[in-house]
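This report walks through one model, from its rings to its cores and sheets. Keep the structure open while reading.

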Amino acid sequence: MQFDEIVAVRRSNAAWRLLRADNAPLLLSFLGRVFVDDNVREISESALVSLLDEELYSLNERLGEGTYPRSPKAYLDEWSAADTAWLRKYYVIESDEPHYDATPAVERAVAWVRSLRDRDFVGTESRLKTVLELLRQIVYGTTTDSEVRLAELRRRRAELDAEIEAAERGEFQVLDATSRRERYQQFADIARALLSDFREVETNFRTLDRQMRERIATWRGTKGELLDEIVGSRNVISDSDQGRSFQAFYDLLLSADRLDELDELVRHAQGLDEVADSDIRLTNIHHDWLDAGTRAQDTVRRLSEQLRRFLDDQAWLENRRVMDLLRSIESSAYAIRDRRVDDFAQEIDSPAPSVNLPLERPLYRPTAAVEVASEGIEEGEAQGASEALFEQIHVDPAPLVDGVRRALRRSGQVTLAEVLAERPLEQGLAELVTYLSLTDDGFGKVFDESADETVSWTDESGGRRVARVPRVIYTRPSPTAGPTVNPTADPTAPDQETR
């Protein structure tokens with residue numbers, strides 16, 4: 001690579017920007033665990049905010065308060081911005097809530113950081129054999145000389161015959177522990193890399209779709225030329241190199257016999273002692289391939305349908321414009337069909353031009369001033385007391401919401417009495433009413449009418465006030481489901497009422 005090329009990649013590549021970011025450890029650990037390790041391809045905003053909130057709370061508690069001071073939503077907005085491009089934010093059908101997915105830049109950055117780990121074993125023999133086999137497929141798979149193909153087939157048949165005869169005599173070679181471990185390591189690397197490539201495949205499909213839409217929108221030639229260039233093939237995306245390669249892989253993966261064989265081979269390989277401590281996720285890696293491949297296949301289908309609909313809309317608009325012009329011409333023809341040709345020459349707007357001289361315009365007349373009489377005005381007196389206007393109490397709900405969130409970080413649900421035990425009422429009844437009406441995206445609220453709680457405070461005169469309210473339970477929402485609350489549970493017994 002040249003110097004200028006490296007400078008351009010450093011400036012424009014999203015994966016490089018991620019590695020240079022100030023919060024790169026948070027990005028790599030959180031996004032790598034959620035999207036890469038767990039193979040999540042789509043997650044709602046509320047679920048991702050909840051997971052990030054727990055991650056930030058754990059890091060701030062361990063590294064010190066203020067290490068990551070921003071809210072989870074602020075971090076997600078930054079990571080999904082156009083100038084960062086680490087998360088893809090989009091809306092799914094029949095949902096008003098945005099969803100997120102990691103971009104290929106996250107996959108590349110996580111894979112590169114993982115490659116920096118020290119490896120106690122690096123296999124080379126199996127890779128050399130893989131290279132030789134790939135070269136044989138390229139050379140003999142592209143030749144059209146029948147003699148060359150027959151020679152290669154006879155050589156392979158001779159090797160198989162010799163191996164069969166040796167096996168019949170009980171003579172065969174068994175892979176030693178090093179060879180088994182080396183080949184399993186290569187299988188694991190290829191399996192993970194193949195799984196991570198699906199995000200880049202989807203991104204390439206979307207890029208191809210966007211390029212075709214731009215070409216259609218900016219087309220200046222005739223409609224026939226556009227149809228010859230793009231619409232001549234209904235499956236423009238599927239017929240691309242990316243689409244054909246992916247379709248061949250997907251068809252191979254959908255074979256039931258190959259899936260069964262792959263499942264049996266993986267489980268048998270992981271049963272060996274040399275790979276007993278391997279990644280358990282590799283046991284079902286083919287299911288992850290199938291899920292990711294199905295999602296990429298749905299993306300291709302959806303983009304192809306949207307492209308055809310886009311072209312149909314363009315044609316419909318053009319046809320509608322032509323039909324409107326034709327109807328306008330027909331209407332005008334029907335309106336004048338009974339008139340003679342001589343009538344058109346006699347119709348003029350006016351027999352003579354109208355001339356308006358500047359001096360014929362009326363002069364400006366100023367508006368008469370209105371006189372206001374201010375004599376005899378008497379000072380009025382208010383009929384009621386106005387002190388109540390100056391005794392209003394305003395309660396800021398933001399500190400109350402922070403107090404409830406702080407309590408929910410230690411438990412899945414808390415009652416109003418538990419919150420007030422840490423932060424007593426300071427503004428009396430108005431603050432209590434504000435607690436009862438709190439609403440926030442970070443927690444839910446349930447009123448348990450079957451139990452009461454006693455709340456007390458001290459007023460300005462030093463007297464003690466007591467109020468009995470239904471039990472209020474604040475709950476933290478689950479990442480995948482709504483809050484689960486057991487109103488009949490008694491997390492804390494109400495204090496005895498005192499006056």
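Is Y75 buried or exposed? Y75 is buried, with a relative accessible area of 4%. Buried means under 20% relative accessible area, exposed over 50%, and partly exposed in between, with a 1.4 Å probe and protein chains only.

The model is predicted: local features need pLDDT of at least 70, side-chain atom pairs count only at pLDDT 80 or more, and totals for chains, interfaces and linings use all residues. Residues are numbered from 1 along each chain as its sequence is written, and side-chain values use heavy atoms, with hydrogens and water left out.

**Aromatic rings**

A search of the whole structure finds 3 aromatic pairs. Rings of Phe, Tyr and Trp (its six-membered ring) pair if their centres lie within 6.5 Å; planes under 30 degrees apart count as stacked, over 60 as edge-to-face and the rest as tilted. Y68 and Y75 form an edge-to-face pair, at 6.5 Å centre to centre and 70° between the planes. Y68 counts as buried, at 14% relative accessibility. Ring pairs join Y68, Y75 and W79 into a cluster.

Another pair is made by F443 and Y474. Their centres are 5.7 Å apart and their planes stand at 90°, so this pair is edge-to-face. F443 lies in the loop between α17 (429-436) and β5 (444-458), and Y474 in strand β6 (residues 464-475), so the pair ties together parts that are 31 residues apart in sequence. Helices (H or I, at least four residues) and strands (E, at least two) are DSSP runs, numbered from the N terminus. Both F443 and Y474 are buried.

Charges also sit over rings. The criterion is NZ of Lys or CZ of Arg within 6 Å of the ring centre and within 35 degrees of the ring normal.

| Charged residue | Ring | Distance to ring centre |
|---|---|---|
| R70 | Y75 | 5.1 Å |
| R88 | Y90 | 3.9 Å |

**Nonpolar cores**

In soluble globular proteins, nonpolar side chains tend to be buried together. A nonpolar core here is a set of buried Ala, Val, Leu, Ile, Met, Phe, Trp, Tyr and Cys residues joined through side-chain atoms within 4.5 Å. The largest has 29 residues. Those with the most contacts inside it are F30, L31, F35, L48, W79, W86 and L87. At least two residues each come from α2 (14-20), α3 (24-37), α4 (45-63), α5 (72-79), β3 (98-102) and α6 (104-115). The most comes from α3, with 7 residues.

What does F35 touch, not counting residues up to four places away in sequence? Its partners are V40, I43, L48, L87, Y100, D101, A102 and R199. Contact means heavy atoms within 4.5 Å.

**The β1-β3-β2 sheet**

This open sheet has 3 strands in the order β1-β3-β2, with antiparallel pairing. Two strands pair if DSSP finds at least two bridges between them. β1 (43-44) and β2 (87-91) stand at the edges with a single partner strand each, so one side of each has no neighbour in the sheet. β2 and β3 pair over 5 bridges. L87 stands opposite A102 in β3. α5 lies across β2 and β3, running at about 100° to β2. Axes are lines fitted to C-alpha atoms, for helices over the stretch in contact, and angles run from 0 to 180 degrees between N-to-C directions.

S95 is found in the loop between β2 and β3. At 23% relative accessibility, S95 counts as partly exposed. S95 and S44 are 51 residues apart in sequence, and 9.8 Å apart in space, C-alpha to C-alpha.

**The β4-β6-β5 sheet**

Here 3 strands form an open sheet in the order β4-β6-β5, again with antiparallel pairing. Which strands stand at the edges? They are β4 (413-415) and β5, each with a single partner strand, so one side of each is left without a neighbour in the sheet. The twist averages 20° from one strand to the next.

β5 and β6 pair over 12 bridges. E453 has V469 in β6 as its bridge partner, and T458 has R464. The hairpin of these strands has 5 residues between them, and G462 takes a positive phi near 95° there. α17 lies across β5 and β6, running at about 165° to β5.
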